[in-house]
Amino acid sequence: MFNKTEIEQQVAEFLLQIKAIKLQPANPFTWASGWKSPIYCDNRVTLSHHNIRTYIRQQLSALITEEFGTVNAIAGVATAGIPQGVLVAQELGLPFIYVRSKPKEHGTAKMIEGEIVPGQRVAVVEDLISTGKSSLAAVEALRDAGYTVAGLAAIFTYGFTAAEDNFKAAKCRFATLSNYTALLKYAEQHGDIQPKDLDILGKWREDPANWGK
């Protein structure tokens with residue numbers, strides 16, 4: 001049985017334990033976009049920990065089956081979604097392809113690498129969802145190439161309203177193993193953050209583009 005709440009909390013624990021997620025309300029990070037943020041997430045770190053890597057592989061595979069039903073292949077989103085996608089494809093015994101962030105600048109100028117039959121149902125795998133724009137660019141590329149996208153699965157989402165709106169507009173379902181709300185709940189219960197920090201962390205998610213200015 002796929003226990004969503006239990007999995008959300010376990011993944012939150014793992015990500016905090018190995019510092020794949022760092023919470024610094026008093027000393028914010030600066031993202032590549034220029035946004036200031038009290039949280040930084042790098043799920044590539046999970047790949048260095050066998051037990052956590054195995055758990056995420058198993059649960060992402062179960063999530064895809066639970067949410068999207070039967071799929072014929074797995075597609076990873078470059079770059080961080082590629083290793084996670086390979087692990088899931090191996091777990092499910094399915095073909096794997098991946099989607100570049102932009103077409104190759106030489107040779108075939110392909111956007112999609114790998115070989116499956118167009119028209120098949122594909123589940124897309126990501127490591128992280130912020131606004132969803134890069135993920136949905138991959139979904140669009142797959143659709144343009146003739147694949148049917150069953151949905152997108154990721155390890156973690158910040159839970160931005162913009163992401164919800166973007167996926168809805170693209171008519172693409174998505175599901176994640178854990179999320180910002182579950183993370184804060186776990187972090188507060190286990191002393192990773194102080195109660196006074198919750199207001200700061202909550203306000204950031206409400207308006208991440210302008211927070212800290």
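Biologist: Thanks! Where is the place of T79?

Modeller: T79 is in the loop between β5 (73-77) and α3 (81-92). Helices here are DSSP runs of H or I with at least four residues, and strands are runs of E with at least two, numbered from the N terminus. This is a predicted model, where local features need pLDDT of at least 70 and side-chain atom pairs count only at pLDDT 80 or more, while totals for chains, interfaces and linings use all residues. Residues are numbered from 1 along each chain as its sequence is written, and side-chain values use heavy atoms, with hydrogens and water left out.

Biologist: Which peptide bond is cis?

Modeller: The bond joining A78 and T79 is cis, with omega about 0°. Most peptide bonds are trans.

Biologist: And what's the phi of K19?

Modeller: Near 60°, a positive value in a residue other than glycine. K19 sits in the loop between α1 (4-17) and β1 (21-23).

Biologist: Switching to pockets: how much space lies in the largest pocket?

Modeller: About 560 Å³, counted as the space filled by probe spheres set on grid points joined across faces, edges and corners. A pocket is an open set of points on a 1 Å grid over the protein atoms alone, where a 1.4 Å probe fits, with protein on both sides within 12 Å along at least five of seven lines; lining residues have an atom within 4 Å of a point.

Biologist: Which residues lie nearest its centre?

Modeller: C41, D127, L128, S130 and S134, out of 23 lining residues. Strand β8 gives the most to the lining, with 4 residues.

Biologist: Where is L128 found, then?

Modeller: In strand β8 (residues 121-129). Leaving out residues up to four places away in sequence, L128 touches C41, N43, S135, A154, F156 and Y158; contact means heavy atoms within 4.5 Å.

Biologist: What does the UniProt "binding site" annotation cover?

Modeller: The unreviewed entry lists R100, K104, H106, E126, D127, L128, I129, S130, T131, G132, K133 and S134. Among these, the run from E126 to S134 is included in the lining of the largest pocket. Such annotations may be inferred rather than shown by experiment.

Biologist: Last one: at what angle do α6 and α7 pack?

Modeller: About 170°, with the axes of α6 (residues 180-189) and α7 (residues 195-206) 11 Å apart. Axes are lines fitted to C-alpha atoms over the stretch in contact, and angles run from 0 to 180 degrees between N-to-C directions. The two helices are therefore roughly antiparallel, a label for angles over 145 degrees.

Definitions and conventions: Parallel < 35°, antiparallel > 145°, perpendicular 65-115°, else oblique.
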